[in-house]
Amino acid sequence: MTGHTTTRFKKPRLGVAYYPEQWPRDRWRLDASRMAELGLTLVRMGEFAWSQMEPHPGQFDLEWLDEAVEIFATAGLKVILGTPTAAPPAWLIAQHPEILPLTEDGRRLRFGNRRHYCPNQPALREATARIVSTLANRYGRDTRVVCWQVDNEFGGRCYCETCRVAFTGWLRSRYGSLAALNEAWGTSFWSQTYSEWDQIQLPDRAPYAPNPGLALDYRRFVSDSYVGFQAYQISLIRQHAPTQSITHNMMGFRFGEIDYFSLAKDLDIAAWDNYPSLHLDSRWSSSGLEASVMRGLGRPVWVMEQQAGPVGWETVRTPESGQIRLWAYQSIAHGAEAVLFFRWRTARFGTEQHWHGLLNGDGSLGPWYAEVEQMSRELVQLGEDLEGARAVSEVAVLHDYDSRFALEIQPTNQSLDYRNSIQTHFGALRKLGLGVDVIAPSAALDNYRLVVAPNLYVIDRQLAEHLARYVADGGVLVLAPRSAIKDRSNAIPERPLPAYLDGLTGVRVVNYHSLHAHETAAIEGTDMPVVGGFLGWYEQLKVRDADVVARYVSGSFAGSAAITARQHGSGRVLYLAGTGDQETVDQVLRSVVHELGLRSRELPPDVELVPLVSRSGAPMSLILNHSDVAQEVHLPGGPWRNLMGKVSRVGSLDLAPYGVEVMLSESVLLPEEASR
Amino acid sequence: MTGHTTTRFKKPRLGVAYYPEQWPRDRWRLDASRMAELGLTLVRMGEFAWSQMEPHPGQFDLEWLDEAVEIFATAGLKVILGTPTAAPPAWLIAQHPEILPLTEDGRRLRFGNRRHYCPNQPALREATARIVSTLANRYGRDTRVVCWQVDNEFGGRCYCETCRVAFTGWLRSRYGSLAALNEAWGTSFWSQTYSEWDQIQLPDRAPYAPNPGLALDYRRFVSDSYVGFQAYQISLIRQHAPTQSITHNMMGFRFGEIDYFSLAKDLDIAAWDNYPSLHLDSRWSSSGLEASVMRGLGRPVWVMEQQAGPVGWETVRTPESGQIRLWAYQSIAHGAEAVLFFRWRTARFGTEQHWHGLLNGDGSLGPWYAEVEQMSRELVQLGEDLEGARAVSEVAVLHDYDSRFALEIQPTNQSLDYRNSIQTHFGALRKLGLGVDVIAPSAALDNYRLVVAPNLYVIDRQLAEHLARYVADGGVLVLAPRSAIKDRSNAIPERPLPAYLDGLTGVRVVNYHSLHAHETAAIEGTDMPVVGGFLGWYEQLKVRDADVVARYVSGSFAGSAAITARQHGSGRVLYLAGTGDQETVDQVLRSVVHELGLRSRELPPDVELVPLVSRSGAPMSLILNHSDVAQEVHLPGGPWRNLMGKVSRVGSLDLAPYGVEVMLSESVLLPEEASR
Amino acid sequence: MTGHTTTRFKKPRLGVAYYPEQWPRDRWRLDASRMAELGLTLVRMGEFAWSQMEPHPGQFDLEWLDEAVEIFATAGLKVILGTPTAAPPAWLIAQHPEILPLTEDGRRLRFGNRRHYCPNQPALREATARIVSTLANRYGRDTRVVCWQVDNEFGGRCYCETCRVAFTGWLRSRYGSLAALNEAWGTSFWSQTYSEWDQIQLPDRAPYAPNPGLALDYRRFVSDSYVGFQAYQISLIRQHAPTQSITHNMMGFRFGEIDYFSLAKDLDIAAWDNYPSLHLDSRWSSSGLEASVMRGLGRPVWVMEQQAGPVGWETVRTPESGQIRLWAYQSIAHGAEAVLFFRWRTARFGTEQHWHGLLNGDGSLGPWYAEVEQMSRELVQLGEDLEGARAVSEVAVLHDYDSRFALEIQPTNQSLDYRNSIQTHFGALRKLGLGVDVIAPSAALDNYRLVVAPNLYVIDRQLAEHLARYVADGGVLVLAPRSAIKDRSNAIPERPLPAYLDGLTGVRVVNYHSLHAHETAAIEGTDMPVVGGFLGWYEQLKVRDADVVARYVSGSFAGSAAITARQHGSGRVLYLAGTGDQETVDQVLRSVVHELGLRSRELPPDVELVPLVSRSGAPMSLILNHSDVAQEVHLPGGPWRNLMGKVSRVGSLDLAPYGVEVMLSESVLLPEEASR
């Protein structure tokens, strides 16, 4: 059995976020001992505590932090220390109001929440150097501290003058000359030719939609600004902390402002904050997608904030009983090496009073405490069983920030929404019980049997060749509409569409139709078992060298090709000419998967199955019931041992509402498995 | 028969708003004589006439006003004189543009509408002193003038630098020290600790939701700014006007920016502007709630602006034929001592051309003129009959601006909307024909048999003790979900919830569920005749010492307590664990009312009954048909005399569409009434 | 057969927009020869090319333009040259940032799109003088250039200080004295009296709706600012170009910010940009209305931009196959003398990458190219046949920018939407196959048998007299609700409503009712075959001297007059007291038309018929099938010859989906036609 993700599972560690500065000092010891009793081994602190660490410019007070570290270490917990830069203190803002970001509508933000900074401000850098170096110097070789978290949830665009100047510099590096920039952006359109670098403005206040090249480069610049600010902090930490891990807590797939592939490159651990209540929708595969995107960054994954109860600032979203444990197990199933619940105790004040921890604001145990207790007990043995296991992913979905940025700038049709599109295709694959990696288009693809690119809007010749090689070497590639429409400067290549991929696919897009949200064009398989429809956007193809596997049966292009397939070398490429609704995409990908002979599963609608291979090479499955009713799952190829300690009926498994089970095959490998 | 509202009714006076400056001088006399013919005795003028009174800085022209006062006085009308500060003239704004308010999004407003001032600006105060003193000096002892109206409909937040400085001063007074403020707001959260007062910013431009303590204090500060500006004007008037009444025209319950309890404290009369077309919805109880909130301010109530026809600035809302009279009677039924229609004649120009008066713009009689004529005739005798009557209110609903402000800052769930919540409970009680007072939580409660607190979100120990005493002494208290969640600084008390009330209620809130707008959790009475549902928000209770009177039959907490009741001393406290829809709240409160033996009525859906006691102690009822069809109302305990002059059938009353009748019992008191 | 539009058709010319600066120079010749092959004879260039024409301040590079003009002229095309002022170059903005407009919410726009200028800025005027004079000097007598297009799609409000000062000057001219302005605006309302001109502010930041007089004058001022900027450019061009035509490409009826009657007065040709995908809705009569509004400007009409494929900046709207040809024919049917497709080739970069031309971005032929090819072939003969023909318009709809501006300022009720209202009435008439002119209320009316004024909100005595004379002389006038409510300063006249028209109509509006979007008041004809309803707004009439032809059968005024008619002199005036839905207006106008004996047609729902008279005086019809199915049209009074070359069955015509046919009557004139 092959698969891309070769990282072996570690025994999952549990932890929690704790803010000593928010509670009386005499409470810390009690909290620490309770955490230890609960089986937690990691505690995160320090993020947001700048004004406690440096109450006045250059005057540090770290004695309280020393004490906290000592108390928790003594109780047996390792400390993750946050740099506090996500919340510059009031005195710094008073000294340097230019640190405050300028919004798209020209307002200078004020102190009073958090993330009130422009990442490019010199004054911020200077103050950051002082506080981060001080912390790194004090704790950089402290064995009680195992990891640094840089800042907190980077994000936010700024449109200030400093950013404008920095953007100009960024453009100089990218393009070398104004002539090259003018050419790439196509500034001959609407008299936008620049004769001086200083003429280039940020794209926030153009009368209407700005030049798409400018808009895309600005999005990249914002992303790079945070990558740069993180790199700056890492260099400060590394001077004093040669061996501790460094991470940042990202925001999963739901957040699309920063290219996390770039951000993760500089990190030892790809940490993220997992609040299923905030994901795209309530589908379990949405949470799974978030986790898979993070795993696809190519670093060990930690969940730095795992939802522990109701969440929300102004309004509240609540989980059901059982979901907090279920969701934490989902994180583990998707490879998290550590899961830290957010947070230990609900804040009594501040913006996050409704963001619930394991303890209530008054210190009593919250309704989900027992779920974590149960989970911690379970993991004593289960953790050992999971150690050394590997994910099985024969399928990859391509995720590309350039395409995401460009589509947000020009959505073209509401159905082409980037998040939805990736979600629909990922969800279709995951319903079949297949392991799915979500990776960058430029990543190595040779370990995958199937690669799905639901919205590869931006292309270049190199990438096209990379994809063609993958197919030629035996891979199966599925492309969806609006593939390969833009070059890296957000212009349309002077090429038949899909640009650089017309040869590979054997089709040309010669026309398209843009529908309103409720309209569809029906399609029907000619050489594929699909009866479905495209919703919102569908294209007319000129088929030059491909098989038509489905045709339109309604709409403007009735009778012509809706899905094509083409053999190329040892592989095959499919082109979907329209935005399939979930049911249609389900049928198409099921058909592709069956034809490929990938081992899919028929699962009840709300049941998630994550396929692993145990360290001894035996099939293993984490099975999660995301519904509020009991479910029965068919288990082929038994006997299976239930690692949660329960006995399973032969051939099937009973799942409680929101239940989790972990099954290990005790059979010899099936022939088709052994053969891989 | 007991009841809180001991103020005796006065013979209602009718009046109208008139703007002499908007009409040719030779028209005034005609208008005055028509008003007199119509039976009006009050005329309001002067508000908004600053630029006519003081055409240039310090140059006054009041001769026209003298003439107007004289003309209307001669015709037999008493004058209410407005201070014109709601509309500072163009020359003042040109001299002092800093008077213009700064909006939440950082725009400096401009001259061109009204209310274009920051109430804290020194230049405004100075100009105010000049014009108000001049007016007070001239008319302060003028017997033709009976009342002063300060400004017009205070409201509007400002975020200017002057406000920031004033807010800092306000905070100094409230907290004494920065340490106390840091503690109260919980600034240890997100590094928000202030080391200098000047670091505190207004909450308008934080990147996201600001610190809830800051947000709540700013809302109080805005409210206090208007209270202060009003007090300033009152002190200026009082220097010259020792005996005339002083009032301000408030905006009822629909407006929630100013704590009207505070504002009314400094006034002789609580005036308000009553536009039923603008109320929460078209329910008659919504208008009744507005009126009751005003009556609950503890001052004699005048309706300074009573809707006289279609209203609206940019779009128009129109009443039905009959409603103008009906609504005016509703004002009287709820205790208004004077009702001034707005306005005499529709403006031909300016923003309010669509805000209709009794006369059309061309001076002809408008379609509702005859209704006022009829009413005026009726009141000749009816007014005498009403004089000395008293409202009967054995029930109170608690209305609290701190809770309102805090819930607007963090709505938690759409179902917890403050206005809706109060409306739902008030409406349920009024449908039963009960007199209902709407009062501050801190008010004396001992005269009420039942107190309903639909959304007492903010609590402190003193208030909790006040409520407990009320119950111990025999009162019945009904609490709804999200009671007692916040302290006065908008932080969560370090207490089991409902904070400080867990002992009294005998329950603890241990979990909750936040639903979308269309979802419900069904409930069913175990010891109460209720079959209904909670919509949006519902809580899980740990019942420690209370009776479960209703249980959940669906949702996350199915089977557990949905409504509890607990005997405490001589009284009883009920806790509703979720946001009941109107039907559910109707059932619950009907049951409570029946059990208490309050004399409720079964009324047709759109019929309002206001219970009074005549000056001789006999039961009296104002009955208003808010529907467009004739209705029949059952009248128990007759014989009744119809004070509108019509004969009533024994035991029942026929109401015309939009009809009004006033019934006086001629029977001896019923035993159960006499016993109270 | 009479009719207003006496302009005779010319043989339609076809053309295209081309941007040489966006393509390699070695491509131009190929494009030119292809255009010539396609039968195009006009090419537009130069607009938006400022930075290519004047790369640095005062340094001109027009050699490329010379070459382009030469290449296209050699290929046989005539050039339309645009002044490039719609896109001031980056260097100009860098030098004079004050050119950038200030938005309503106080943001200074930035460079990066187009139309980033305030039309009143001196620096813009100065730079405009330089570039326009240079162009005019070079090409003003060049016979290869036949026409100048000034700027591109004027529009956009500015609120800068320069505009404020200019507005003050504009007001001085209009009112002469502050006293007159104070009187006209009614500044006695809310103390808005101005004592200095400088106190007058633009209406962008009043706390709420500003003074309606101020708001309306500002709208006029914005319109006049563009009229002025255009006049400035025209004067610059005329100094060097004594004979070439001058035009501007307007935006049809959908754009309501500029009084196109004023703008067109200074032009030789009324050009406009016709994108049916962007019109009010997909009704064919919506496109027809746009075209008719343009024809009503009283100048020869050119379509400077005719939709050539999918359009949109951020999202895309697509036509169906056949519609590009159909829509171009619709332009011709409504009198366009030239139709230039926009654009030749889809831009590969810039904001309009999704705005498709006849060629794809890669230079290949787009899906609609063949339709233009077909049309060009057809026009060889058909153009000759059309030459000298005349439109037949016995009906006029009145279109008035004052009313449009004033209703946008105070919409009163959603049903009174100006565009919808005109569309509904125009559509009802066009469905009957009648020729309809859309003209200014002040235009000569004597050639029309019927004049419909769906929303003549603003009135003055002169206009009322003009309308009365029309009726007295035998015309039929149809007025709809909210007619004659405002004077020219947006105040309500001191007159019974409809002001100045109460005598003519014989009715007075004494009350009205404003409904929500889904509510209706049913009406029924008493002397007219109508059973329908008013939606949103309906009025109560006092009928003084008129016949009631329809009554309300529900709603607040049930039983009273809903539609009245009055004989006046030789004519008749109808008053509709409410906003009819489409079906009701259809019935009413059908009845009026039948009674008048106008020759209407029964047409299938999606078939448009444009009635013409050939140059020899024979009836001629352009018939367009706007549906995607074949249709059969009954043709009375044959025999007819099909000028598209097909043979027609006697008495009926088969239309293909999206088909177009042109029919010429070969019968002698019908008696009733000959008699006119």
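Reply: In this predicted model, strand β17 of chain C, residues 547-552, is joined to β18(C) by four bridges, and the two run antiparallel. Within that pairing R551(C) faces A561(C) of β18(C). Strand β18 of chain C covers residues 561-568 and is mostly covered, with six of its eight residues buried. β18(C) also pairs with strand β19 of chain C, residues 571-576, again in the antiparallel sense, here over six bridges. β18(C) and β19(C) make up a hairpin that has two residues between its strands. G569(C) lies in the turn, and its phi is positive, about 60°.

Strands of a sheet pair through backbone hydrogen bonds, in either a parallel or an antiparallel arrangement.

Chain B holds an open sheet of five strands, with antiparallel pairing and the order β9-β21-β22-β26-β24. The edges are taken by β9 (390-391) and β24 (640-642) of chain B; each has a single partner strand, so one side of each is left without a neighbour in the sheet. Inside that order, strand β22 of chain B (residues 619-625) and strand β26 of chain B (residues 660-665) are linked by five bridges in the antiparallel sense. M620(B) stands opposite L664(B), which belongs to β26(B).

Next, the chain contacts, beginning with chain B and chain C. Here 47 residues of chain B and 48 residues of chain C take part in the contact. The two chains bury about 4100 Å² between them, and carbon and sulfur atoms account for 54% of it. R110(B), F111(B) and R348(B) provide 18% of the area that chain B buries against chain C, more than any other three residues. Three salt bridges are counted between chain B and chain C. R110(B) forms a salt bridge with D204(C), in which the closest N and O atoms are 2.5 Å apart. Polar contacts between chain B and chain C come to 26 residue pairs, both residues being at pLDDT 80 or more. On the side of chain B that touches chain C, α2 (50-53) and α4 (90-95) of chain B each supply at least two residues. By class, that side consists of 19 nonpolar, 15 polar and 13 charged residues.

The contact of chain B with chain A draws 48 residues from chain B and 46 residues from chain A. The area buried between chain B and chain A is about 4100 Å², with 54% given by carbon and sulfur atoms. F189(B), W190(B) and R205(B) contribute 20% of the area that chain B buries against chain A, more than any other three residues. Three salt bridges are found across the interface of chain B and chain A. In a salt bridge between E494(B) and R348(A), the N to O distance is 3.9 Å. Between chain B and chain A, 26 residue pairs are in polar contact, both residues at pLDDT 80 or more. Strand β14 of chain B, residues 507-514, gives five residues to the side of chain B that touches chain A, the largest share of that side. The residues of that side divide into 22 nonpolar, 17 polar and nine charged.

Conventions
Residues numbered from 1 in each chain as written. Chains lettered and ligands numbered in written order. Predicted model: local features only at pLDDT ≥ 70, side-chain atom pairs only at ≥ 80, totals over all residues. Heavy atoms only, no water. Contact = heavy atoms within 4.5 Å. Buried area = accessible area lost by both parts, 1.4 Å probe. Salt bridge = Lys/Arg side-chain N within 4 Å of Asp/Glu carboxyl O. Polar contact = N/O pair within 3.5 Å; in protein donor to acceptor, adjacent residues only side chain to side chain. Nonpolar A, V, L, I, M, F, W, Y, C, P; charged D, E, K, R; others polar. Buried < 20%, exposed > 50% of the residue type's maximum accessible area, 1.4 Å probe, protein only. Pairing = 2+ DSSP bridges.
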